[in-house]
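Hi there,

Here is the structure I promised to pass on to you. Have a look at it first, and then read my notes below.

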Amino acid sequence: MDKKLIVANWKCNPTTFKKAELLFDLIKKGLKNIKNVEVVICPPFVYLTTINKKRETSIKTGGQDCFWKKKGPFTGEVSPDMLKDLGCRYVIIGHSERRRYFSETDTMINKKLKLTLKKKLKPILCIDKISQVKKDLKGISRGEIKNIVLAYEPLFAIGTGKTASPEKAAEFNLSIKRILGDKVLILYGGSVSSKNARGFIQESGFQGLLIGGASLRAKEFIRIVKNIDSLR
Ligand code: PGA
């Protein structure tokens with residue numbers, strides 16, 4: 001079995017450095033013997049330095065966003081080079097909360113993807129509609145597309161406790177593969193828990209999960225990773 005990918009998106013949590021450190025320490029301890037899952041933790045930027053120092057090679061890290069320019073007068077922004085320099089391998093791009101609260105457009109997301117790929121940081125592109133795929137990937141070659149991880153995150157499922165049905169999710173998964181080929185890794189995200197995680201892998205055919213709320217509860221997150229790790 002190919003390794004599955006499980007990404008923890010901590011969003012704007014936890015509120016203190018101490019809590020972030022504790023959460024990470026618990027997760028790291030709980031995931032010592034994981035073999036079939038690559039775990040990526042995406043904390044707020046301000047915690048990345050410490051977490052990158054503490055992590056072991058088996059746990060990877062990522063940013064929750066990045067800018068489309070390398071450097072310069074862009075107050076508040078963080079570039080892919082900065083993330084790479086800290087030891088991050090991944091970066092989430094185009095999360096629906098960024099599209100919604102910060103008015104990120106497909107054009108902006110496209111620029112972010114291009115620079116991220118150029119810098120050899122792996123983008124995790126979040127979409128909830130097939131129509132976004134073409135716009136977000138405009139001008140990106142087939143060869144490069146296989147370096148992108150795609151996350152299907154239906155809007156109604158994010159943080160609501162509702163999930164897409166395994167059948168609907170499987171349908172989406174297939175449609176994406178039809179467009180992008182089967183080399184692209186596709187994750188499911190939206191109210192993933194230890195109760196439903198296996199279904200998205202086994203029934204819907206996703207190669208991993210993007211987890212928000214449940215990744216802030218160490219025990220629950222560890223349970224999810226172990227559930228997927230034990231799949232044969
Ligand atoms: P959720 O968030 O697991 O809390 O629904 C997922 C996400 O927004 O990436």
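**What I found**

If we leave aside neighbours within four places in sequence, Asn-52 is in contact with Thr-61, Leu-86, Gly-87 and Cys-88; contact here means heavy atoms within 4.5 Å. Before going further, please keep in mind that this is a predicted model, in which local features need pLDDT of at least 70 and side-chain atom pairs count only at pLDDT 80 or more, while totals for chains, interfaces and linings use all residues. Residues are numbered from 1 along each chain as its sequence is written, and side-chain values use heavy atoms, with hydrogens and water left out.

Back to Asn-52: you will find it in helix H2, residues 45-54. Helices (H or I, at least four residues) and strands (E, at least two) are DSSP runs, numbered from the N terminus. Is Asn-52 buried or exposed? Asn-52 is buried, because its relative accessible area is 11% (buried means under 20%, exposed over 50%, partly exposed in between, with a 1.4 Å probe and protein chains only). A polar atom of the Asn-52 side chain lies 3.0 Å from the backbone oxygen of Leu-86.

Next, the ligand. It is surrounded by 13 residues, and the closest are Lys-11, His-95, Glu-153, Gly-159 and Ser-191; a residue counts as near if one of its heavy atoms lies within 4 Å. Which atoms come within reach of the ligand's oxygens? An N or O atom in the side chain of Lys-11 is 2.7 Å from an oxygen atom of the ligand. For Gly-212, a polar backbone atom is 2.9 Å from a ligand oxygen, and for Gly-213 a backbone N or O atom is 2.8 Å from one. The ligand has 280 Å² of accessible area on its own, and the protein covers 95% of that (areas come from the Shrake-Rupley method with a 1.4 Å probe).

Now to helix H10 (residues 218-229), where Glu-220 lies. Glu-220 has a relative accessible area of 9%, so this residue is buried.

Pro-154 is another one to look up, in the loop between strand S6 (149-152) and helix H8 (166-180). Pro-154 counts as buried because its relative accessibility is 3%. Beyond residues up to four places away in sequence, Pro-154 touches Asp-128, Ala-164, Tyr-188 and Gly-189. From Pro-154 to Lys-53 there are 101 residues in sequence and 34 Å in space, C-alpha to C-alpha.

Last, some backbone geometry. Most residues other than glycine have a negative phi, and most peptide bonds are trans. Where is Pro-14 found? Pro-14 is in the loop between strand S1 (4-9) and helix H1 (17-30), and a cis peptide bond with omega of about -15° joins Asn-13 to Pro-14. Ser-103 is not a glycine, yet its phi is positive, at about 50°. Ser-103 is in the loop between helix H4 (96-101) and helix H5 (106-118), and is exposed, with a relative accessible area of 52%. Lys-120, also not a glycine, has a positive phi near 60°. The loop between H5 and strand S5 (122-127) holds Lys-120, which is exposed, with a relative accessible area of 66%.

Enjoy exploring, and write back with any questions!

Best wishes

Methods. Polar contact = N/O pair within 3.5 Å; in protein donor to acceptor, adjacent residues only side chain to side chain.
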